[in-house]
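Please read them with the structure at hand.

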Amino acid sequence: MSENLIQVYSIYIHAPAATIWKAITESEYTTRWGYGGESEYDLRPGGAYRNLTTAEMKEMGMGDVAVSGTVVEVDEPTRLVLDWSPSWHPDKAPTRLTWELTEYPSGLTQVVLTHDLTAAPELAAEVAGGGEPAQGGGGWPWCLSGLKTLVETGKEMGA
């Protein structure tokens, strides 16, 4: 298998780590970047995590939940570790998603997203992106671009 099973994405966002943390964990923001949808987090180890579907996703035949999982580790606002299960692959084992935020005195925060796909290697190409974002093919690079755009400009990517 040639896909990278541990994918690491690193970007810099001109904003405090606390602001980016909110953008990752609060529906006020999660509806405006990536694939949208409200989010629900019980931010404690063992707590439940869900990204809900949008009206467009439901029109495509999806149910109410796009991604579900379990919170593994929380150190607000610098580290969030989740077991991540996409609803469109119900038979796949959860994979591990780690958000790491490092704030610098310059006003920049480095955001490192690590997605460990060793439990479900079939998902590696899909989450790496490279396809048409409107059809769900943007993967993490597209989602992170949307996060950066929203946090830095207050606008949705492409809007």
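1. Setting aside its neighbours within four places in sequence, I24 is in contact (heavy atoms within 4.5 Å) with T30, W33, Y41, L80, W99, L101 and L147. The model is a predicted one, in which local features need pLDDT of at least 70 and side-chain atom pairs count only at pLDDT 80 or more, while totals for chains, interfaces and linings use all residues. Residues are numbered from 1 along each chain as its sequence is written, and side-chain values use heavy atoms, with hydrogens and water left out.

2. I24 is also among the residues that touch the most other members of the largest nonpolar core, together with I13, I20, L80, W99, W140 and L147, in a set of 35 residues. Such a core consists of buried Ala, Val, Leu, Ile, Met, Phe, Trp, Tyr and Cys residues joined through side-chain atoms within 4.5 Å, where buried means under 20% relative accessible area (1.4 Å probe, protein chains only). Elements giving two or more residues to this core include β1 (6-14), α1 (17-25), β7 (108-116) and α5 (139-153), and α5 supplies the largest share, six residues. Helices (H or I, at least four residues) and strands (E, at least two) are DSSP runs, numbered from the N terminus.

3. The strand β7 is mostly covered, with seven of its nine residues buried. It pairs (at least two DSSP bridges between the strands) with β1 in the antiparallel sense over nine bridges, and I6 stands opposite D116 of β7.

4. β6 and β7 also run antiparallel, joined by eight bridges, and L97 has H115 in β7 as its bridge partner. These two strands form a hairpin with four residues between them, and G107 in the turn has a positive phi of about 100°.

Methods: Buried means under 20% relative accessible area, exposed over 50%, partly exposed in between (1.4 Å probe, protein chains only).
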